[in-house]
Every structure is written in C-alpha cells, then in structure tokens.
Amino acid sequence: MNLSVIQNRTKGQVIVVGAGIAGLAVAVRLAHEGYAVTVLEQHNGPGGKIRVVPSQAGPIDAGPTVLTLRPVFEELFKSIGESIDKHLSLVRQKILARHWWPDGSTLDLFDDYETSQEAIYDFAGLKGFKEFQNFFQKTKLLFETFDLPMMQTSEPSQWDMAKLLMQQPSLARYIAPLHTMASKLAQYFSDPRLAQLFGRYATYVGGSPYLSPALLCLIWQAEAKGVWCVKGGMHQLAQTLMSLAKERQAKFEFKTKVKRILVNDGKANGVLLDNGEQRMADIVVFNGDPRALAIGTLGPELQDIAKESLQDARSLSARVWSFDSIANGPDLIHHNVFFASNPKSEFDDIKAGRMPKDPTIYVCAQDRGLNADYPERERFEIILNAAPVCEAHPIKEEFETCRTLTMTKLERFGLTFTPQPNEKALTTPQDFEAMFPASDGSLYGQSPHGLTAAFRRPTSRTVISGLYLAGGGAHPGAGVPMATLSARHAVEAILKDRISTLSSPQTATLGGMSMASATPQNAQFRSSDS
C-alpha cells in the first residue's frame with residue numbers, strides 16, 4: 001500500500017455491525033473514503049435478508065428477487081468510482097408481473113405506461129382503462145412530489161410536509177388522509193380485481209392494504225419505472241459490494257456475533273463480542289433491527305434509541321419456499337402473482353395471527369426472464385404473507401399444513417411441481433426471528449400503518465455520539481433500495497459530523513464520494529420484494 005493510502009486510513013476506525021445490504025453499502029463507501037472499516041456479521045456470509053439456499057440446480061434466492069430503483073444503485077457505484085454495469089449483469093423485465101385470478105382471468109403489467117394501458121383495456125374494458133389512466137397520473141404526481149422531501153432526505157419532518165401541502169393544497173385530495181389504501185383503491189377502480197392488484201403493493205413494505213394509508217398507493221409508480229433481474233441471482237449484488245469493499249481494504253469477519261455496543265461518556269467507542277473480546281472504534285454503524293437497541297439487547301445505554309419500535313406494531317413476516325423442481329401448468333415469467341378469492345380474509349387472518357386459509361401467493365421463477373433458455377428443473381421461490389411472531393398470537397408452524405395449503409392453491413390454477421418441496425425448503429416467521437434477533441420475525445421493521453408511520457422510523461443519527469443506524473428498520477424504510485438509501489444517509493451523516501469536529505480544512509475533503517443525491521426524476525421510492 002502506498003504512503004498516500006496509509007495516510008488516508010488515519011480518518012478513523014469504523015465497525016459495521018451486520019453485513020446486510022445497508023452494512024455493505026456503508027462499508028464500501030467509507031472504505032473508499034479512507035476509513036479503516038471492519039464488518040462483523042453473525043452469519044457465515046454477506047447479504048442479510050438477501051439470502052440464498054443451496055440446491056442441485058444452484059443457489060436459490062430466498063429473499064428479494066429483483067432489483068428496482070436502479071438509479072439508487074447506479075449512484076452507489078458511482079460514489080466509489082465504479083460503474084454498475086461493469087460488475088453486475090442486469091436484465092430489464094418487459095413484463096413487470098403476470099397476475100392470475102381464481103376466475104381464470106390474467107393480466108400482465110408492463111414497464112411502459114402505454115402497453116399497460118392496452119393490457120388493462122383488454123382486461124377491464126374502456127371504464128377500467130380510463131380509471132387506470134386517472135390512477136396512474138394521480139400516483140405519479142404523489143410519487144414525484146414526495147420522493148425528494150421524504151426518501152432522498154435524511155431527516156424528513158412533518159412540518160416540511162405540512163408546508164408542502166400548504167403550497168400545493170390540491171395534494172390533500174390525492175393523499176386522502178382519511179382513507180386506507182383499500183378504501184381509496186375502491187374509489188379509483190370499479191373492477192375489484194384491479195383494486196386487489198394495486199392493493200398488493202402494501203405488502204412490499206410489510207403492510208396490509210386495509211390498514212396502510214392511501215398515500216402508499218404511490219408505491220406502484222416505482223415498479224412501473226423498471227424491474228431488473230440480476231444474472232446469477234440477487235446475492236451477486238451482496239458479493240460484489242463485499243468484493244469492492246475488500247479492494248478498498250475493508251475487513252469482513254463472519255460467524256462473529258456482537259454482544260454489546262460499548263459506550264463511554266455518551267459516545268460509542270467499540271463493541272464487545274460474544275467471545276468476550278473487545279473491539280474499539282471511532283464510529284459504530286448498526287445494520288440490524290433498531291428494536292434490538294430499544295429493548296436493551298446490545299446494552300442498557302442504548303434503550304433511548306428507536307423507542308417507537310416498542311410502541312408500533314411490527315410489519316408482516318412471510319413463509320418462504322425455496323426449492324428446485326419441474327413446473328407444469330401455466331406459462332410463468334419471473335414475477336407471478338396468484339390472487340386470493342377474498343383478499344380481505346387473508347389480512348384478517350394475518351391480523352389475528354393465523355395462517356391465512358386463502359392466501360395470495362407470489363411465485364418467482366428464478367431462471368426465467370434472463371433472455372436465455374431455462375433448464376427443465378428450475379429454481380423457485382414462493383412467498384406467502386404471514387404474521388410476525390408475537391406472544392399475543394403464537395403460531396404453531398406445521399410444515400405439512402403450509403405445503404398442502406400452498407400446493408393445493410396453486411393446483412387450482414393448474415400449476416404443479418415435481419417433486420414438491422421438502423421441509424428444509426421452508427422458512428417460517430420463527431426462522432426469521434432466529435436469523436434476525438429482536439425482529440419478531442418481521443421482515444420490514446415497524447409497520448407502515450398510519451399516516452405518520454414514515455416519520456416514526458429512526459434516522460441514521462442517534463442520541464449516542466458516534467453511533468449510526470442503517471438498514472430496513474431505519475429511515476427511509478424496508479427493501480433493498482430503501483436500505484441502500486439509508487446507508488447513503490448514514491455515510492453522509494458520518495462525513496458531515498466528522499468534518500464538523502476537525503480543525504484542519506485540509507482534512508475536510510470528501511475524497512471521491514459523490515454526495516449529490518439522485519433527482520426526483522431518476523430515483524424512485526419503492527421497497528422491493530423483500
């Protein structure tokens with residue numbers, strides 16, 4: 001290593017707790033800035049919820065299945081002097097998703113507005129076509145209005161939102177503060193199938209359309225901007241970021257559990273490992289569920305952080321099948337959704353802590369959508385929404401019950417698998433709680449229910465000097481793109497805070513990092529399937 005690089009490393013020691021997507025994004029950015037970064041991860045590899053399980057057909061995605069909000073990732077790679085296309089092979093999906101209903105009807109939505117309009121005209125007639133036009137324009141306006149002051153801002157405030165509404169009072173009609181997503185979608189669409197389809201986007205951030213605010217109808221707009229498959233699977237993103245961080249001298253230690261975050265005189269100064277070893281640092285970044293801090297799991301000094309996570313309900317969990325098999329039946333694409341007969345019954349069951357009797361089922365055909373032939377024995381990920389683990393409504397997971405429910409429902413649509421998945425292929429809410437402690441098995445952190453839910457997530461800065469948060473449990477929320485944005489917010493906060501404590505203007509240079517955020521036109525809000 002040359003002398004200039006060695007001098008750069010004097011910027012400070014950073015410990016990142018957790019190698020999920022946000023932890024990886026923080027690590028590669030700070031390592032590029034010249035910090036000495038060590039990432040500590042309790043599991044045996046990077047990615048967090050970007051998981052894979054092994055199979056004879058190759059690694060199978062067991063978490064997020066596609067990349068969305070591509071500008072967020074382009075900005076991440078650009079900030080470290082790299083091009084995303086140099087490191088990842090991304091395939092844009094012409095068809096966003098193929099949807100199936102019990103009455104035999106199907107609908108494809110596309111990555112361009114005009115083609116989706118035509119498809120909806122064929123599906124729901126002239127009335128549905130005009131209703132979709134209205135829905136599209138209204139949600140597009142909301143999306144573009146709220147992206148910059150919410151998602152792209154590290155610390156959004158309700159006062160700023162109130163000023164925005166005072167400047168544009170017509171927005172209140174589209175926000176519909178007295179409506180849930182479901183009730184607003186019933187006004188947008190006379191065809192209940194379309195209302196059911198667009199209500200499904202509440203689950204992208206772990207919510208129910210019957211409890212999430214109508215404002216979240218805008219989530220659809222993000223997916224409409226484009227969906228990309230990653231050749232080799234989503235875990236390639238995690239592996240690539242780890243490799244780039246290592247090139248910048250970041251260190252990774254797996255199977256290393258942090259027992260406590262050390263605090264001295266109100267400042268985080270390191271961590272205590274499960275084996276009793278202490279690791280000291282100038283900065284600690286926590287990439288885990290903030291609820292773990294609030295309940296004191298990582299030390300009583302941290303319990304004032306993320307108090308809201310103790311008061312707010314947890315978001316949805318899931319039952320996830322990951323397996324390889326031969327599929328027979330309908331023509332699948334990468335994204336497929338098989339809808340329930342009665343959408344409300346599914347969320348009523350989840351609210352009560354029960355396994356839904358009639359669930360909507362998402363099927364990812366991982367080997368399709370890559371502009372290449374796919375094998376006869378393919379890799380599949382099947383996701384069913386589920387309640388988080390909680391004492392009030394304990395769920396006794398029964399593998400055979402879940403498999404029978406899943407396979408019987410898909411058989412009604414003509415879809416069968418040979419062989420059917422075994423018990424090892426199923427991940428339950430209890431499994432997620434075990435993998436991600438203090439999460440209650442929730443995959444998205446705090447619930448998005450309620451109009452002010454977005455303001456109740458903790459931001460990157462904490463009340464403890466030197467301790468920062470990143471990940472799906474922090475602002476701006478869950479999903480791979482949002483967690484990646486949270487990492488950007490954390491890094492920007494760290495750099496600004498460090499600059500403010502330095503007396504020499506020469507050390508205040510931000511190096512090669514691009515601090516310019518994506519504009520509202522090229523960075524959209526969505527928590528992806530996750």
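**Close-up views of aromatic and arginine contacts**

**View 1. Lysine 184 and the ring of tyrosine 188.** Lysine 184 places its charged end over the ring of tyrosine 188, at 5.3 Å from the ring centre. The model shown here and in the other views is predicted. Tyr188 also belongs to an aromatic cluster, whose members include Phe189, Phe198 and Tyr201.

**View 2. Arginine 193 over phenylalanine 123.** Arginine 193 lies over the face of the phenylalanine 123 ring, and its distance from the ring centre is 3.9 Å.

**View 3. The aromatic pair of phenylalanine 132 and tryptophan 220.** The structure contains 26 aromatic pairs. In the pair of phenylalanine 132 and tryptophan 220, the ring centres are 6.2 Å apart and the planes meet at 65 degrees; planes over 60 degrees apart count as edge-to-face, so this pair is edge-to-face. Phenylalanine 132 belongs to helix α5 (residues 113–151) and tryptophan 220 to helix α10 (residues 219–224), so that the pair links distant parts of the chain, 88 residues apart. Both phenylalanine 132 and tryptophan 220 are buried.

**View 4. The aromatic cluster around the pair.** Phe132 and Trp220 are part of one aromatic cluster, together with Tyr113, Phe135, Phe136, Tyr188, Phe189, Phe198, Tyr201 and Tyr204.

**View 5. Arginine 248 and its side-chain contacts.** Arginine 248 is found in the loop between α11 (235–247) and β10 (251–254). Its relative accessibility is 11%, so arginine 248 counts as buried. The arginine 248 side chain makes a polar contact of 3.1 Å with the side chain of histidine 32. The side chain of arginine 248 also reaches the backbone oxygen of leucine 244, at 3.0 Å.

Notes: Residues numbered from 1 in each chain as written. Predicted model: local features only at pLDDT ≥ 70, side-chain atom pairs only at ≥ 80, totals over all residues. Heavy atoms only, no water. Phe/Tyr/Trp six-rings, centres within 6.5 Å; stacked < 30°, edge-to-face > 60°. Helix = DSSP H or I, 4+ residues; strand = E, 2+ residues; numbered from the N terminus. Buried < 20%, exposed > 50% of the residue type's maximum accessible area, 1.4 Å probe, protein only. Lys NZ or Arg CZ within 6 Å of the ring centre and 35° of its normal. Polar contact = N/O pair within 3.5 Å; in protein donor to acceptor, adjacent residues only side chain to side chain.
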